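Here is a short briefing to read with the model open in your viewer. Have a look at the fold first, then follow the topics below in any order you like.

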Amino acid sequence: TKPHASTSQGGNTRQPLVPRTMFEKRVVIDCKGHLLGRLASTIAKELLCGQNIVAVRCELINITGPFMRNKLRFHAFLNKHCNTNPRRGPFHLRAPSKILWRCVRGMIPHKTPRGALALKKLQVFEGVPPKYNKIKRMVVPQALRILRLRRDRKFTVLGELATAVGWKQAAVVKHLEEKRTHGNKAFIHRTKVENVRKLKARKMVIKELFTAGRNQRYINNKFQRNLDKLKRNPHREATKPKKVHKLSKAAVAKAAAKKAAKAAKKTTVAK
């Protein structure tokens with residue numbers, strides 16, 4: 001059921017905080033072509049509302065701005081550490097999935113029980129694991145680069161940036177993704193062929209049913225006419241019309257010969 005909007009003391013109607021699409025079992029987001037900050041803010045809101053989210057293909061997230069500028073910014077971040085004991089943090093995560101995770105964490109009060117529980121509902125991956133390969137993947141329209149960034153503006157792919165600052169698994173992820181997409185193409189081809197066959201079979205069945213239904217309607221109408229005649233003449237019997245079978249030429253010739261023989265016999269008897 002749709003939650004009702006509550007009214008404050010001032011008389012203004014507040015919109016419900018929970019959208020109608022909330023609380024599905026799991027939402028799998030395909031991060032390809034999304035802007036990092038916009039995607040992270042949307043994910044953070046959904047997590048705080050209690051939604052379980054899985055983010056896949058994080059290496060294809062986009063960041064606005066040219067590659068060199070983003071690289072210098074990340075190197076500036078790498079220089080930040082605790083002077084007395086660097087092991088205390090901050091920890092510089094290089095993997096694209098962990099960069100997205102850290103970005104979402106910064107938008108959640110993760111040190112409170114509510115924020116910690118919300119952050120546990122997020123899973124992030126490079127590529128698409130086999131577990132989520134056959135599950136429908138969603139996009140976030142308000143975070144898509146093609147809808148939010150002007151065409152002449154430069155952008156950076158997160159996987160390339162992560163490789164430049166120390167991520168070493170790009171080749172492995174690329175190989176696994178090529179293997180997965182090759183398998184998917186074969187599956188799509190098989191599915192298309194199967195669908196074409198099913199469509200042809202469905203058309204044939206519909207045609208047969210339509211022909212049979214038309215013949216049945218003709219028989220029913222003829223029987224109804226006989227019933228109407230019976231009402232007008234009660235002494236006449238109403239019978240279902242017999243099926244007329246089309247005779248072959250040989251059968252027609254045989255019947256004509258029989259009829260002629262009978263006629264000849266009658267004339268000889270009369271004489």
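**A histidine in a loop**

H34 is found in the loop that runs between β1 (27-30) and α1. Please keep in mind while browsing that this is a predicted model.

- Is H34 buried or exposed? Its relative accessibility is 0%, so H34 counts as buried.
- Leaving aside residues up to four places away in sequence, H34 touches L39, I61, N62, V139, V140, A143, L144 and R145.
- R145, one of the residues that H34 touches, also lies over the face of F155, at 4.0 Å from the ring centre.

**The chain as a whole**

- There are 8 helices and 5 strands in the chain, and along the sequence they follow the pattern β-α-β-β-α-α-α-β-α-β-α-α-α.
- Of the 271 residues in the chain, 24% are buried.
- The chain exposes about 21,000 Å², and carbon and sulfur atoms supply 58% of that area.
- Taking the contacts in the chain with a separation of 6 or more, 74% are between residues 24 or more positions apart.

- The average pLDDT of the chain is 83, and 76% of the residues score at least 70.
- Residues 1-20 stay under 50 in pLDDT, and the model has 13 contacts beyond four places in sequence for them.
- Where pLDDT is low, the predicted coordinates should not be read in detail.

**Helix α3 and its buried side**

- Which residues of α3 are buried? They are P96, S97, I99, L100 and V104.
- These residues cover an arc of only 160 degrees around the axis, so they lie on the same side of α3.
- The cover over the buried residues of α3 includes α1, β2 (53-56), α2, β4 and α6 (158-164).
- The charged end of K98 sits over the ring of W101, 5.5 Å from its centre.

**Helix α4, with two faces**

- In α4 (residues 113-120), the buried residues are G115, A118 and L119.
- Why do they share a side of α4? Their arc around the axis is only 95 degrees, which puts them on the same side of the helix.
- The face turned away from that buried side carries the exposed residues P113, L117 and K120.
- Among the elements covering the buried residues of α4 are α1 (36-48), α3 (96-105) and β4 (122-124).

**Aromatic pairs**

- How many aromatic pairs does the model have? The count, for ring centres within 6.5 Å, comes to 2 aromatic pairs.
- F74 and F77 form an edge-to-face pair, with 5.6 Å centre to centre and 75 degrees between the planes.
- Both F74 and F77 lie in helix α2 (residues 67-78), where they are 3 residues apart, about one turn of the helix.
- F74 has a relative accessible area of 11%, so this residue is buried.
- F125 and Y132 form a tilted pair, with 5.8 Å centre to centre and 45 degrees between the planes.
- Within that pair, Y132 is buried, with a relative accessible area of 2%, whereas F125 counts as partly exposed at 25% relative accessibility.

How values were computed: Residues are numbered from 1 along each chain as its sequence is written. This is a predicted model: local features need pLDDT of at least 70, side-chain atom pairs count only at pLDDT 80 or more; totals for chains, interfaces and linings use all residues. Side-chain values use heavy atoms; hydrogens and water are left out. Buried means under 20% relative accessible area, exposed over 50%, partly exposed in between (1.4 Å probe, protein chains only). Helices (H or I, at least four residues) and strands (E, at least two) are DSSP runs, numbered from the N terminus. The arc is that of the directions from the helix axis to the C-beta atoms. Contact means heavy atoms within 4.5 Å. Rings of Phe, Tyr and Trp (its six-membered ring) pair if their centres lie within 6.5 Å; planes under 30 degrees apart count as stacked, over 60 as edge-to-face and the rest as tilted. A charge sits over a ring if NZ of Lys or CZ of Arg is within 6 Å of the ring centre and within 35 degrees of the ring normal. pLDDT is the predictor's confidence in each residue, from 0 to 100. Accessible areas come from the Shrake-Rupley method with a 1.4 Å probe; for residues, only the protein chains shown count as cover.
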